[in-house]
Amino acid sequence: METRELGRQGLEVSALGLGCMGMSDFYGVRDEAEAVATIHRALDLGVTLLDTADVYGPHTNEELVGKAIEGRRDSVVLATKFGIVRGPRPEDRGVNGRPEYVRTSCDGSLKRLGVERIDLYYQHRVDPDVPIEETVGAMAELVKEGKVGALGLSEAAPATIRRAHATHPISALQTEYSLFSRDPEDEILATCRTLGIGFVAYSPLGRGILTGAIRTPGDLVEGDQRLGFPRFQTDTLQGNVELLKGLQDVAAEKGVTVPQVAIAWVLAKGRDIVPIPGTKRRKYLEENLKAADLALTARDLTRLEALCPKGSAHGGRYPESIMTFING
């Protein structure tokens, strides 16, 4: 697989990474054996970037990833995150960017992952009550100590990104980006490119809607948190499924799948962009990775963007309780 550079600090990763969140949390049934096998298969196929976070589980996803990479650490660019604090209910969320919390979180992640260094350490959400300079300053100390290689932010606003980067070089910004979520095109991508920051696109398949496998809320198992998300309600989901029809025509013409077209579109939006489609099964991993071999022309991109214009997705990305912490 080709590689891409995130930022200007020498962080080189596979053009496609693997989001590991769903292996442990949020998306229903877990199968640890299959999840570990999926990570192993990803590494075999040339994926180097594995993405996790302390909040996934919480904690259990880092433990799973740590188990999966044992003996293969040298072939992995390991990314994890801190900053989201969970309560007993899904809607009980908070953020913490205090310097002392940064250090405690990092030490916990290192222990659970079973490694001495995290290659890419993200602030998962910006804490509005803590100046970004203080949070990133604490993260920079971890770099000096060798516990962290490069720094990242997730779902941060342009002004915050600039302030953070002035405190310590930021290598990557992680934000949702897909044919269904094109908000980064307004200002975020331009800010990253001006500063030389790489862009990691999570949910490039629209949390599964762009796979075509989710046509009604009944297609999700009990306990899947997407059931509470605006885009997965009965009326909005139907509208989003309708948007797939044009994409299905494009995929059929090229002899590929809609997920492959959707991921290839993200890849084609710039060599500074690295999508991290998430899956917990080898079958879907292998399908997703074939998107790296699909070359889309400028005409293809124009056609796809006409089929899914910016803002055409029905419903918001997250419930309002979670959107509070977006674009901080």
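Me: What covers the buried residues of α2?

Reply: A word on the model first. This is a predicted model, in which local features need pLDDT of at least 70, side-chain atom pairs count only at pLDDT 80 or more, and totals for chains, interfaces and linings use all residues. Residues are numbered from 1 along each chain as its sequence is written, and side-chain values use heavy atoms, with hydrogens and water left out. Helices (H or I, at least four residues) and strands (E, at least two) are DSSP runs, numbered from the N terminus. Buried means under 20% relative accessible area, exposed over 50%, partly exposed in between (1.4 Å probe, protein chains only). The cover of α2 includes α1 (32–44), β4 (49–51), β5 (77–82) and α3 (99–113), where contact means heavy atoms within 4.5 Å. Seven of the ten residues of α2 (60–69) are buried, among them L64, V65 and I69.

Me: Which residues of helix α10 are buried, and why do they line one face?

Reply: An α-helix has 3.6 residues a turn, so residues three or four places apart point the same way. In α10 (298–307), the residues D300, L301, L304 and E305 are buried. They line one face because they fall within an arc of 125 degrees seen down the helix axis, the arc being that of the directions from the axis to the C-beta atoms. These buried residues pack against α7 (234–254) and α8 (258–268). The face turned away carries the exposed residues A298, R299, T302 and A306.

Me: In what order do the eight strands form the open sheet?

Reply: Two strands pair if DSSP finds at least two bridges between them. The order is β3-β4-β5-β8-β9-β10-β11-β12, with parallel pairing. β3 (18–19) and β12 (273–275) each have a single partner strand, so one side of each lacks a neighbour in the sheet.
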